[in-house]
Amino acid sequence: MLNVVVLVSGGGTNLQAILDKISSGELTNTRISAVISNNEGAYALTRAECAGIPAECISPKQFETREQFHQALLAGVKKYAPDLVVLAGFLVILPPELIAEYKNRILNIHPSLIPSFCGTGYYGLKVHEAVLARGVKLTGATVHFVDESTDTGPILLQKAVEVKQGDTVKQLQQRVMEEAEWEILPKAIHAVANGTVRFEDGKAWILEGEAQ
């Protein structure tokens with residue numbers, strides 16, 4: 001059974017997608033042991049509590065220095081002994097110590113087709129605003145492993161979503177979530193949980209026939 005800690009900052013729609021896939025049996029061998037947020041008002045914490053999952057806030061605002069926050073976040077994650085850490089809309093840069101502790105065991109969902117519209121400054125609605133401003137016809141979402149830089153770790157899954165004429169930022173965000181994010185994040189976790197992920201030459205792969 002894969003023991004997962006989910007880190008969140010907001011509403012927790014991706015967390016809900018994970019919970020729903022576990023309930024439906026599409027995501028197997030997986031247990032969410034805790035949800036941690038940097039935002040005490042995050043609705044994701046309520047979702048976790050409703051599902052009977054331990055939920056807590058570890059915020060930079062609670063500490064005098066960033067280093068103290070980093071130490072607290074690492075300790076907060078480690079106490080649940082996760083096999084995998086999932087960033088489901090976590091808008092805080094992870095401390096290097098946490099990345100090192102869970103090398104190739106941290107998954108992030110990003111709302112674009114990396115390497116497009118990613119990196120510093122590209123998060124949440126800002127990604128979709130940039131997509132619409134550029135006029136691209138396809139966007140989507142990417143699940144990747146986290147390394148020391150922003151959105152540069154090995155890509156595990158991607159799914160494209162059509163940009164439609166007249167889309168608003170909110171409409172595009174919703175379609176990317178529904179058609180891509182809520183599908184590929186649970187699939188990626190399922191692949192990890194069932195031992196079908198492989199790393200080769202700095203890239204990540206899912207063995208053929210799994211999580212397609």
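Predicted model: local features only at pLDDT ≥ 70, side-chain atom pairs only at ≥ 80, totals over all residues.
Me: How much space lies in the largest pocket?
Reply: About 990 Å³. A pocket is an open set of points on a 1 Å grid over the protein atoms alone, where a 1.4 Å probe fits, with protein on both sides within 12 Å along at least five of seven lines. The volume is the space filled by probe spheres set on the points, which are joined across faces, edges and corners.

Me: Which residues lie nearest its centre?
Reply: Gly 89, Phe 90, Leu 91, Asn 108 and Tyr 123. They belong to a lining of 38 residues; a lining residue has an atom within 4 Å of a point. Elements giving two or more residues to this lining are α1 (13-24), α4 (96-101), β5 (106-110), α5 (125-134) and α6 (169-193). Helices (H or I, at least four residues) and strands (E, at least two) are DSSP runs, numbered from the N terminus.

Me: How does that lining divide by class?
Reply: It has 16 nonpolar, 18 polar and four charged residues. Ala, Val, Leu, Ile, Met, Phe, Trp, Tyr, Cys and Pro count as nonpolar, Asp, Glu, Lys and Arg as charged, and the others, Gly among them, as polar.

Me: What about the second largest pocket?
Reply: About 180 Å³ of space lies there. Its lining includes Ile 99, Lys 103, Asp 147 and Phe 199.

Me: New topic. How many salt bridges?
Reply: Four. The rule is a side-chain nitrogen of Lys or Arg within 4 Å of a carboxyl oxygen of Asp or Glu. Lys 21 and Glu 26 pair at 3.4 Å, and Glu 183 joins these two in a network.

Me: Which one links distant parts of the chain?
Reply: Glu 56 with Lys 79, at 3.2 Å from N to O. Glu 56 is in strand β3 (residues 55-57), and Lys 79 is in the loop between α3 (66-78) and β4 (84-87), 23 residues away.

Me: Is Lys 79 buried or exposed?
Reply: Exposed, because its relative accessibility is 54%. The cut-offs are under 20% relative accessible area for buried, over 50% for exposed and partly exposed in between (1.4 Å probe, protein chains only). Arg 175 and Asp 167 form another bridge, at 2.7 Å, and both are buried.

Me: Back to α3. Which of its residues are buried?
Reply: Phe 69, His 70, Ala 72, Leu 73, Leu 74, Gly 76 and Val 77. Their cover includes β1 (2-8), β2 (30-37), β4 and α4, counted by contact (heavy atoms within 4.5 Å).

Me: Where is the cis peptide bond?
Reply: From Ile 114 to Pro 115, with omega near 20 degrees. Pro 115 sits in the loop between β5 and α5.

Notes. Residues numbered from 1 in each chain as written. Heavy atoms only, no water.
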